[in-house]
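The sequence and the model come first.

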Amino acid sequence: MKIVINGIHANLRFSAAHMIPEHESCGCIHGHSYIVDVKVEGKRSGKHGFVADFKDVKGIVREMCKKLDHKLLIPLKSPLINFASTDRDVKFEIAGKRYSIPSEDCCLLELESTSAEELSRYFASALFRRLSEKYEISSVEVCVNEGIGQGALYTISR
Ligand SMILES: [Zn+2]
């Protein structure tokens with residue numbers, strides 16, 4: 001069985017800035033109001049016969065959203081970004097453009113990109129790992145929407 005959580009109605013959202021290095025229009029720093037939709041499939045278990053308690057799923061996703069909220073998302077594994085420092089200020093260069101951003105304004109992520117595709121993989125992997133500690137989960141699907149109308153869906157299964 002699957003449980004489904006709609007990010008708009010369940011308030012699983014965050015606002016953040018990012019850039020897609022060397023992309024014609026998305027190469028400049030810009031922002032989105034992201035919405036995270038979640039589906040969890042698994043075996044019903046426990047006293048209540050839940051696939052997973054909605055409260056647990058939303059708690060994990062909200063905690064992740066909070067970490068990203070109102071930050072500039074920076075992908076540490078991007079092959080297109082040259083980092084000079086990630087201490088007090090995050091200093092880096094992309095195709096000749098030089099940036100220096102206070103570290104408290106940034107969220108550094110162990111990702112190759114901060115595209116909707118990579119962010120959905122990031123959410124799905126963490127959620128799958130965390131829920132598996134407590135429930136018999138067979139798959140987790142996460143859609144990270146860049147506003148309303150476009151998103152990337154990633155599925156991770158056992
Ligand atoms: Zn964007």
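Predicted model: local features only at pLDDT ≥ 70, side-chain atom pairs only at ≥ 80, totals over all residues.

Residues are numbered from 1 along each chain as its sequence is written, and side-chain values use heavy atoms, without hydrogens and water.

Start at the zinc ion. His18, His30 and His32 coordinate the zinc ion, each through NE2, at 2.0 to 2.1 Å. Donors are N, O and S atoms within 2.8 Å of the metal (3.2 Å for Na, K and Ca); water is not among the atoms, so sites may look incomplete. Along the sequence the donor spacing reads H-x11-H-x1-H. His18 sits in strand 2 (residues 13-18) and His32 in strand 3 (residues 30-42), so this pair, 14 residues apart, links distant parts of the chain. Strands are DSSP runs of E with at least two residues, and helices are runs of H or I with at least four, numbered from the N terminus.

Now compare the surroundings. His32 is buried because its relative accessibility is 19%. Buried means under 20% relative accessible area, exposed over 50%, and partly exposed in between (1.4 Å probe, protein chains only). His30, also found in strand 3, is partly exposed at 23%. Contact means heavy atoms within 4.5 Å. Not counting residues up to four places away in sequence, His32 touches Phe14, Ser15, Ala16, His18 and Glu146.

Finally, look at Phe54 in helix 1 (residues 54-68). Phe54 is partly exposed, because its relative accessibility is 43%. Phe54 and Ile3 are 51 residues apart in sequence and 8.1 Å apart in space, C-alpha to C-alpha.
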